[in-house]
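Here is a brief report on a protein–DNA model.

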Protein chains: 2
Amino acid sequence: MTQIEKHHHQHGERSRPEIRGMLRQSGLRPTRQRIALAELLYSKGNRHISAEGLHEEALTKNVPVSLATVYNTLHQFTESGLLREVAVDGSKTYFDTNVDDHHHFFVEDDNEVMDIPHGQLGVGRVPEAPAGYEISRVDVVVRLRRIKV
Amino acid sequence: MTQIEKHHHQHGERSRPEIRGMLRQSGLRPTRQRIALAELLYSKGNRHISAEGLHEEALTKNVPVSLATVYNTLHQFTESGLLREVAVDGSKTYFDTNVDDHHHFFVEDDNEVMDIPHGQLGVGRVPEAPAGYEISRVDVVVRLRRIKV
DNA sequence: CTGTGTGCAAACTCTTTGCATAAGT
DNA sequence: ACTTATGCAAAGAGTTTGCACACAG
């Protein structure tokens, strides 16, 4: 059994063996493609990326994966809690490498997602869920517009 | 004057002449289709509807409009401030007949959008916009899950 | 009449799927 | 070997576009 360096700083660089362990712990076979994609995802701090974006990036860096595999992988990672899906505007789905409780800025002009620094936003009072429902999550999106000069 | 009156008995809050005026004020020619769609939209209190939903509803009520026209109309209404686009999850776009400041519940199980009763939610502290940006809107989505029995 | 709106079908974008092949353990 | 993952291309959902015809002013 590989001993996993239990020292992952929340974000930032993760070594290849760390990634293999992360995948194993999530019940995902550490295949070439998954490892490569995980490296792209987790080697740059927090990222908010779409499937197409990640696919392009992979091809650019000579990691030949198919778009279908990118989609599969992103969804598997999401199910395993390694990623979180971010619902902002636009038709694209974004995946966030930061799975902690936090909220987002969304730049309307160029469909970009950014984290809101922790502590800068307080969701005041959360309403009661209607009967028969429970709250699964509260998402806040602060939409931004570029100031025209 | 056109005389193609279908049977419409909407228990509406806005009468047909009101709707015509509303469209005119927004710079939209009150055509048959726009009037009919506006009647569907505004005669039942607040609604959260997708283009496909509205199209189906129109056909059901013998208002023959094409899907393309429904999309055009929804977007024109949105630009004119008559509707508001709601960004929740899912791939569909929802349009909200309530353009006041308010937030939403989103039922994950069946992709349904509901208003959060006014006053039940307080957005605590809103973060500062990053330099060069201004806040255009803050959207809060409280995601709900049906409680399994 | 003049210009805008509409309908239709085809195009487009993003995402999912089916199935044969490749790779992990 | 046995099983799961991948790649490809095709299909699917939602949305948009281009152009001829219809309608409002």
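## Burial and surface

In this predicted model, 42% of the 149 residues in chain A are buried (under 20% relative accessible area, 1.4 Å probe, protein chains only). Chain A exposes about 8300 Å², of which carbon and sulfur atoms supply 48% (Shrake-Rupley method, 1.4 Å probe).

## Fold of chain A

Chain A has four helices and six strands. These are DSSP runs: H or I of at least four residues for helices, E of at least two for strands. The order from the N terminus is α-α-β-α-α-β-β-β-β-β. The C-alpha trace spans about 45 × 40 × 30 Å along its principal axes.

## DNA strand C

DNA strand C is surrounded by 21 residues, each with a heavy atom within 4 Å of the strand. The closest are Y71(A), H75(A), T31(B), R34(B) and T69(B).

One lies 2.6 Å from a side-chain N or O atom of R34(B). A polar side-chain atom of T69(B) is 2.5 Å from a phosphate oxygen. For T93(A), a polar backbone atom is 3.0 Å from one. The elements giving two or more residues to this surface are α4 (67-79) of chain A, plus α2 (32-42) and α4 (67-79) of chain B. α4(A) gives the most, with four residues.

## Conventions

Residues are numbered from 1 along each chain as its sequence is written, chains are lettered from A and ligands numbered from 1 in the order written, and side-chain values use heavy atoms, without hydrogens and water. In this predicted model, local features need pLDDT of at least 70 and side-chain atom pairs count only at pLDDT 80 or more, while totals for chains, interfaces and linings use all residues.

Conventions
Buried < 20%, exposed > 50% of the residue type's maximum accessible area, 1.4 Å probe, protein only. Polar contact = N/O pair within 3.5 Å; in protein donor to acceptor, adjacent residues only side chain to side chain.
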